[in-house]
Amino acid sequence: MGVYIEKENCIGCGVCASSCPYGAIVMEGSNAAITDQCTSCGACVDNCPVEAIINDEEKEVVNTLDAYKGVWIFAEQRGGNITNTSFEILGQARNLADDLDVKVSAVLLGNGLEDKAKELIAYGADTVYLIENPVLENYVTETYCNIIEKLINKFKPEIFLFGATNIGRDLAPRIAARVNTGLTADCTELSIDQDTKLLKQTRPAFGGNLMATILCPNTRPQMATVRPGVMQKINPDPSRQGSIVRENCDDEDITNTRTVVKEVFRDVKKVINLEEAQII
C-alpha cells in the first residue's frame with residue numbers, strides 16, 4: 001500500500017510529520033513531503049486534520065469517481081405521456097446541474113416518443129437518451145433494468161434521480177443493486193454540498209419526527225427517489241435546444257426477463273391521481 005499527499009489540499013500544519021513514527025515526512029515550504037523511509041503504516045492518513053493524505057485504495061476510488069459526470073433523471077411515461085413527477089424532478093435536476101456546472105440528461109424508454117423527448121428538452125434537459133421498441137411501451141421491471149444498467153455503465157452519470165412512484169420505487173433499488181451503489185428513498189429535498197460537491201439527499205426519518213441528510217461519497221451514481229409534489233418544475237421553453245441520443249435495445253435486453261406483458265387493461269372510470277394531488 002502506498003501513501004500520497006494531495007498537495008492542493010495540504011495546509012502545511014505539520015501534524016503528519018509529528019505523527020509519523022518513522023520520521024518519513026518532512027516539510028518542504030508550505031507542503032508536507034513523504035521520503036523513502038515511509039513504510040505505509042497509515043499513521044499520517046489517520047492523523048491528517050484535512051484528509052490531504054490518502055492511500056492506494058482511496059486514490060483508486062477518487063480516480064474512478066472522477067469518471068462520472070452529469071445529472072440524470074428517469075423520465076417515466078405511462079400510456080405515452082411523461083408523468084408530472086418526472087417534470088418536477090427534471091426541474092430540480094436542472095438546479096443541481098447548474099451548481100455542478102454539468103449537463104442534465106433524461107432517460108426515456110417507450111415507443112414513438114420523439115415528441116416527448118423534445119418536450120423534456122423544453123423542460124430543461126440538455127440530452128435525452130431515447131430507447132424505443134414496441135416492447136417498451138409498458139413497464140417491465142427486468143427489461144427496463146437491463147437497458148438502464150447498460151446506459152449507466154456506458155455513460156457514467158454522477159447523479160441519477162427517479163420519482164418515488166410505484167414504478168420508480170420498483171425500478172430504482174434494483175438498478176442501484178446492479179451497479180453496486182447506494183439509494184436514498186423518498187427524498188423531499190436535494191442540494192449540492194458546496195465543499196465536497198456531493199449530493200445532499202434529505203428525507204424524513206423515524207416516522208417523520210426528524211429529517212436525515214444522506215451522502216454517498218464512495219460509489220456512483222448517487223441515486224435517489226423523490227416524492228411527487230415536493231419539487232418545482234420549470235416553465236417550458238419550446239425554443240430550447242438539446243440533443244436526442246438514440247440507443248439500441250438489444251434482443252437480449254428484452255428476452256432476458258421472466259415477465260411478459262400480454263395485454264394491458266386500463267380502467268375507464270375517472271379517478272384522481274393522488275401522487276400529484278397538492279392536498280389530500
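**View 1. Strand 10, a mostly covered strand of a predicted model.** Strand 10 (residues 159–163) is mostly covered, with 5 of its 5 residues buried; buried here means under 20% relative accessible area, exposed over 50% and partly exposed in between (1.4 Å probe, protein chains only). Helices (H or I, at least four residues) and strands (E, at least two) are DSSP runs, numbered from the N terminus. This is a predicted model, in which local features need pLDDT of at least 70 and side-chain atom pairs count only at pLDDT 80 or more, while totals for chains, interfaces and linings use all residues. Residues are numbered from 1 along each chain as its sequence is written, and side-chain values use heavy atoms, with hydrogens and water left out. Look at which way the side chains go: Ile-159, Leu-161 and Gly-163 point one way from strand 10, Phe-160 and Phe-162 point the other way, and all are buried.

View 2. Strand 10 is joined to strand 5 (residues 71–74) by 3 bridges, with Ile-73 opposite Leu-161. Strand 10 is also joined to strand 15 (residues 222–226), by 5 bridges, and there Phe-162 stands opposite Thr-225. Strand 15 and strand 11 run parallel and share 3 bridges; Thr-184 has Ala-224 of strand 15 as its bridge partner.

View 3. Glu-158 sits in the loop between helix 6 (141–155) and strand 10. Glu-158 is buried yet has no salt bridge, and the nearest side chain of opposite charge, Arg-220, is 4.9 Å away. For charges, Lys and Arg count as positive and Asp and Glu as negative, while His and the chain ends are not counted; a salt bridge is a side-chain nitrogen of Lys or Arg within 4 Å of a carboxyl oxygen of Asp or Glu. Leaving out residues up to four places away in sequence, the contacts of Glu-158 include Tyr-68, Lys-69, Leu-100 and Lys-197, with contact meaning heavy atoms within 4.5 Å.

**View 4. Helix 5 against the sheet.** Helix 5 (residues 114–122) has Ala-117, Leu-120, Ile-121 and Ala-122 as its buried residues. Their cover includes strand 7 (81–82), helix 4 (84–100), strand 8 (104–110), strand 9 (127–132) and strand 16 (243–246). After helix 5 comes Gly-124, whose phi is positive, near 125°.

View 5. Strand 13 (residues 199–205) and strand 14 pair over 5 bridges, and Ala-205 stands opposite Leu-210.

**View 6. Salt bridges.** The count comes to 14 salt bridges, and a few are picked out here. Arg-240 and Asp-126 form one, with the closest N and O atoms 2.9 Å apart. Arg-240 lies in the loop between strand 15 and strand 16 and Asp-126 in the loop between helix 5 and strand 9, so the pair ties together parts that are 114 residues apart in sequence. Arg-94, Asp-98, Asp-126 and Arg-240 are linked in a network of salt bridges. Arg-78 and Glu-76 form another, at 2.7 Å between the closest N and O atoms; Arg-78 is partly exposed at 37% relative accessible area, whereas Glu-76 is buried at 2%.

**View 7. Cys-145 in helix 6.** Cys-145 is found in helix 6 and counts as buried, at 1% relative accessibility. Cys-145 touches Leu-171, Arg-174, Ile-175 and Arg-178, not counting residues up to four places away in sequence. The C-alpha atoms of Cys-145 and Asp-253 are separated by 8.6 Å, though these residues are 108 residues apart along the chain.

Methods. Two strands pair if DSSP finds at least two bridges between them.
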